[in-house]
Amino acid sequence: MSCLMRVSSMNKPIKSTLISDGVIHLRRPDIVQNVPGSYRIFSRVAGFRTSGQTMNGDGKPSAAATVAGGVHDVYGEDRASEEQIITPWSRTVASGYVLLRDPRYNKGLAFTDDERDYHYVRGLLPPVHMSQELQAKRLMHLIRQYNTPLQKYMALMDLEERNERLFYKLMIDHVEELLPIVYTPTVGEACQKYGTIFRRPQGLYISLKEKGKVHDVLRNWPEKNIKVIVVTDGERILGLGDLGCQGMGIPVGKLALYTALGGIRPSECLPITIDVGTNNEMLLNDEFYIGMRQKRATGQEYDDLLDEFMYAAKQAFGEKVLIQFEDFANHNAFKLLEKYRSTHLVFNDDIQGTASVVLAGLVASLKLTGGTLADHTFLFLGAGEAGTGIAELIALEITKQGKISLNEARKRIWLVDSKGLIVKSRMESLQHFKKSWAHEHEPCKGLLDAVKSIRPTILIGSSGAGRTFTKEVIETVSSFNEKPVILALSNPTSQSECTAEEAYTWSKGRAIFASGSPFDPVSIDGKTFIPGQSNNAYIFPGLGLGLVISGTIRVHEDMLLAASEALAQQVTKQHLDQGLIYPPFRNIRKISAHIAAGVAAKSYELGLATYLPRPADLVAFAESCMYSPIYRNYK
């Protein structure tokens, strides 16, 4: 609550803010706050801390001002009954106990002696000084003591809520160990149990109740300089289906990676869940479910809410805010991307991000298999947003490399859905996004029949159906390929089309394998194979950074191709000798900087960048723009 106060030595009105622990945002002595019917005298305001008591109009202490033997109840909360309304006080300047509760500025035991004195935290912490490095070491030791990935996830989320910089230092320094905890596969379990483990909101929830007030909801978010929004409606979370409002774990996890891997500032990231209900009966009957208890809204009601959100986001945060669609069901994912790509800076990670990272792996694999992409035959299991998105980007790259038409490039790519091979004879019953992939061929009922008939050199799984790359399928692919490329992309691990061990064993160690979820190294006949992970986290953080640092206003397909090429260039001969078609994640910030530079360069080339002039060295510029989690010194 803001109020006018008068400093006796200066006799000037000053605007200030009070909070419930007695902190006030002025360094002036003897400030008096006028309160109707009484006044409060604050004595030690110089240190942001006050000691005071409520006085009657005649200057005597109010009898109601003390409770429990003389403890001052400055704000009257202890005297209020449960039915009475009280004011939730707030503040803007961190000091004292509040500083230790602010995750943006809290440094824990790393506060120096001078900082403890100047900011009034002396005595609120043990006397020892502990560096950030030692804090990180201690916390990693603690996290490794937990028995389950979900416990580790919860510990990391708690850390993020109390010490933001330490959280991101852990993520950057231990990315290969912590990435599977903060994101897939553990985030899938976290979403399933989100109602049970929910502690405090980490983003915005926009439900049908907010229809007509979405802009007001967006303005409720405390940060105003938002650069990246990740939004989901929770209908298709990983391979787990409809998790409704509990899909919030996905935007939270994605944006943690935008910061840790891509260097976007945490204050510039906003996770959002659009809650239109859920068709998951288990959640609707769960007493701990945190979302709207109704069947999913569809049709015009759904479209109107999304439309209001999209234009409110641009109005609130500007033309250049990146909106990433995440885990929408197929029928909405394609529609939303197509609808808004010409009016907003939008990106669908399931369609475009997955496609870009897969294409990068395929380009890198050519160094092992030989030839060009046009020399290969591709067979997909899964024709949803991921499968068709990957297929389309591959076709675009073939067109670019081989100077052939897009339709000719598509003829090298075949897709299998739940009804079998997609062919011309099925055209009338196909969804619109599958029709481009219907070629002339006799129908094949299942994957194995399609493998035998099409004889692919590259087999890609994006079905969300676990263990569908059977022994017979992999042995058949391996029978006519010296080095078959097998990508089992579905997440989480339980939904992967096959394991790394299965792929290497059934192909007799000849497969070039990568998966969506991580797998441990596999040893066969004395040789160790290190499976690569075709993780979208290689692409979207660097892509987002490139868009932000160039002030790009629209995402163009050529930017995705540029991102793929930049990632593929980071794969060295040493990586290939280990069977890897992706570089190790430990170098992810360097990788993201190169991807950002490639994306920004393409944006400038296409005339879509607004930050001029173009930096001479885009890689160095990208690195200079990255958020650093190192503690700052306070004065």
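**Entry 1: the whole chain.** I looked up burial and found that 56% of the 635 residues of the protein chain count as buried, meaning under 20% relative accessible area with a 1.4 Å probe, protein chains only. I noted that this is a predicted model, where local features need pLDDT of at least 70 and side-chain atom pairs count only at pLDDT 80 or more, while totals for chains, interfaces and linings use all residues. Residues are numbered from 1 along each chain as its sequence is written, and side-chain values use heavy atoms, with hydrogens and water left out.

I then found 24 helices and 21 strands in the protein chain; these are DSSP runs numbered from the N terminus, with helices being H or I of at least four residues and strands E of at least two. Among contacts in the protein chain with a separation of 6 or more, 67% join residues 24 or more positions apart; contact means heavy atoms within 4.5 Å.

**Entry 2: strand β16.** Which way do the residues of β16 point? In this strand, residues 458–461, I458 and I460 point one way and L459 and G461 the other, and all are buried.

Next I checked the partners of β16, where pairing needs at least two DSSP bridges between two strands. Strand β13 (residues 378–381) pairs with β16 in the parallel sense over four bridges, and F378 stands opposite I458. Strand β17 (residues 485–488) also pairs with β16 in the parallel sense over four bridges, with I486 opposite L459.

I followed the chain onward: β16, helix α18 (residues 471–479) and β17 make a right-handed β-α-β unit. Right-handed means that, with the strands pointing away from the viewer, the path from the first strand over the helix to the second runs clockwise.

**Entry 3: N280.** Where does N280 sit? I found N280 in the loop between β10 (269–275) and α11 (281–284). A polar atom of the N280 side chain lies 3.0 Å from the backbone nitrogen of M282. Leaving aside neighbours within four places in sequence, N280 is in contact with D242 and L243.

Technical notes
Buried < 20%, exposed > 50% of the residue type's maximum accessible area, 1.4 Å probe, protein only. Polar contact = N/O pair within 3.5 Å; in protein donor to acceptor, adjacent residues only side chain to side chain.
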